[in-house]
Amino acid sequence: MNQNLNLSPTAAPMPVQSPSVRCRNFEEVALGYDEITAMQEARRCLGCPGAPCRGGCPVGVHIPQFIAKVAEGDFAAAWEILSADNTLPAVCGRVCPQENQCQAVCVRGKKGESVAIGRLERFVADWHRAQEKPKAPSRAEEKGKKVAVVGSGPAGLACAGELARMGYSVTVFEALHTPGGVLAYGIPAFRLPKDILHEEIAGLEKLGVTIRTDTVIGRTIPVAELLKDGFSAVFLGSGAGLPNFMGIPGETLCGVFSANEWLTRINLMHAAEPGAATPLMSTKHAVVVGGGNVAMDAARCALRCGAKVTIVYRRGREELPARAEEVEHAEEEGITFRLLTNPVEILGDENGFVTGIRCDTMALGEPDESGRRRPEVVPGAQFTLDCDAVIMAIGTTPNPLLHRTTAGLAADRRGRLTTEEGSCRTSLPGVFAGGDAVTGAATVILAMGAGRKAAREIDEYLAGKA
């Protein structure tokens, strides 16, 4: 047995800001490992020959190998291994749900806690960023072909980075004024500091990737025009930014927001800052509807803006889809959870402003088609919560703009772009798609995995192999 193996059954805890302090600022909650802690945690890795953790990673990071280098204190080599497969390691180390992927199959997790792979990934990426002259990523010989990438979210950035490394000339088209997609507009700075995202994107630009903002493909430039303007292939990674609503009475009242609008105004328009050009309305009590990570983000932002916050979710705690860590952080910060609660009407005053939300009390019945127990109304147990803002965080769908403005581009009834089974090829020759635009809203790392896969398929297509 490796004499340096750390046999502790528990992972090294992540140091965090105190809840009483962080609930009033937008600074990063998690503070990161230091070198000694990272090396100690890395020594918990068994270096399994079969590497089940790598099989659980959507982008296929060589996890045991990079962790072994951390254990040795060779952080530069660890970064080389990590960055070879992951174009956004500092981002993934912060927002990727490792507990459901690589860490879910970690052998150490069978008799204790899994190795803290995500925390080690973040450590390596942050160590590299802190170097005086970080090593620039390598790039293959120029292929003399151009590829257009639509959308600068995780799928688009992963695809662009992979193609650039292969030697292609890549231009990314972004509709908003800031690149990053959901990483920029959807995830608050206390989970993903914007300077880190900007530095990750700058690394792609050093690879030769060109990013054009304020360009709405399908409006400013049609997809067909990209293929006529010298691009040999197009990747559509436009995400799923169209918010869903419940369709209940009162959703048009002043004070009702989609989580997308709420988070975009805070993250991109700085609406929570003093002197903002488009400030948020003053809110005393916000109710957030939903139980996913977006709901946690919206609720924790509202708290930091000075509101009392209640999250309502129609199922129980065990069914909450958000990461356990995000739920725990929200509770620590003082956010109230009203579980087994389903809104049926938003109430307003004579001036059209929200005054409350009427809810049904629910109980869990038999499992539905998703395998989760179906929530059922408890008769005679309706109640009202007083509030002056309601934030709907119940999922998103792809914007239909692309398939409605592009002749022959197939999509399903939910607006998701259709691709060949097991492939990223769309119904149009030379046009590929992946990420949330195809699957609907999912995780950052799954979108990145789709982007990498699309890059490989584009390379084969342009090389005449397929």
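User: Where is leucine 263 found in this predicted model, and why is leucine 263 called buried?
Analyst: In this predicted model, leucine 263 is part of helix α12, residues 259-267. Its relative accessibility is 3%. Buried means under 20%, so leucine 263 counts as buried.

User: What does leucine 263 touch, leaving out residues up to four places away in sequence?
Analyst: Leucine 263 touches Tyr185, Gly186, Pro188, Leu268, Val294, Asp297, Ala298 and Cys301. Valine 182 is 81 residues from leucine 263 in sequence, and their C-alpha atoms are 9.8 Å apart.

User: What makes phenylalanine 257 and tryptophan 262 an edge-to-face pair?
Analyst: The ring centres of phenylalanine 257 and tryptophan 262 are 5.1 Å apart, and a pair needs centres within 6.5 Å. The planes stand at 70 degrees, and over 60 counts as edge-to-face. Phenylalanine 257 has a relative accessible area of 7% and tryptophan 262 has 2%. With the limit at under 20%, phenylalanine 257 is therefore buried, and tryptophan 262 is therefore buried.

User: Why is the pair of phenylalanine 26 and phenylalanine 190 called tilted?
Analyst: The planes of phenylalanine 26 and phenylalanine 190 meet at 40 degrees. Stacked needs under 30 and edge-to-face needs over 60, so this pair is tilted. The ring centres are 6.1 Å apart. Phenylalanine 26 lies in the loop between α1 and α2, and phenylalanine 190 in the loop between α9 and α10, 164 residues apart.

User: What makes arginine 304 a charge over the ring of phenylalanine 190?
Analyst: The charged end of arginine 304 is 4.0 Å from the centre of the phenylalanine 190 ring and sits over that ring. The distance limit is within 6 Å. Lysine 146 has its charged end over the ring of phenylalanine 231, 4.5 Å from the centre.

User: How do you know that α4 and α5 are roughly antiparallel?
Analyst: The axes of α4 (residues 63-72) and α5 (residues 75-85) cross at roughly 170 degrees. Angles over 145 count as roughly antiparallel, and α4 and α5 are therefore described that way. The two axes come within 7 Å.

User: Which residues of α4 and α5 meet?
Analyst: Gln65, Phe66, Lys69 and Val70 in α4 meet Phe75, Ala77, Ala78, Ile81 and Leu82 in α5. By class, this contact has seven nonpolar, one polar and one charged residues. Phe75 also belongs to an aromatic cluster with Phe123 and Trp127.

User: Why is aspartate 214 called exposed, and what is its phi?
Analyst: Aspartate 214 has 51% relative accessibility. Exposed means over 50%, so aspartate 214 counts as exposed. Its phi is near 55 degrees, a positive value in a residue other than glycine. Aspartate 214 is in the loop between β3 and α11.

User: Why is leucine 340 called partly exposed?
Analyst: Leucine 340 has 27% relative accessibility. Leucine 340 lies in the loop between β9 and β10, and has a positive phi of about 50 degrees although it is not a glycine.

Technical notes. Residues numbered from 1 in each chain as written. Predicted model: local features only at pLDDT ≥ 70, side-chain atom pairs only at ≥ 80, totals over all residues. Heavy atoms only, no water. Axes fitted to C-alpha atoms, helices over the stretch in contact; angles between N-to-C directions. Helix = DSSP H or I, 4+ residues; strand = E, 2+ residues; numbered from the N terminus. Parallel < 35°, antiparallel > 145°, perpendicular 65-115°, else oblique. Contact = heavy atoms within 4.5 Å. Nonpolar A, V, L, I, M, F, W, Y, C, P; charged D, E, K, R; others polar. Phe/Tyr/Trp six-rings, centres within 6.5 Å; stacked < 30°, edge-to-face > 60°. Buried < 20%, exposed > 50% of the residue type's maximum accessible area, 1.4 Å probe, protein only. Lys NZ or Arg CZ within 6 Å of the ring centre and 35° of its normal.
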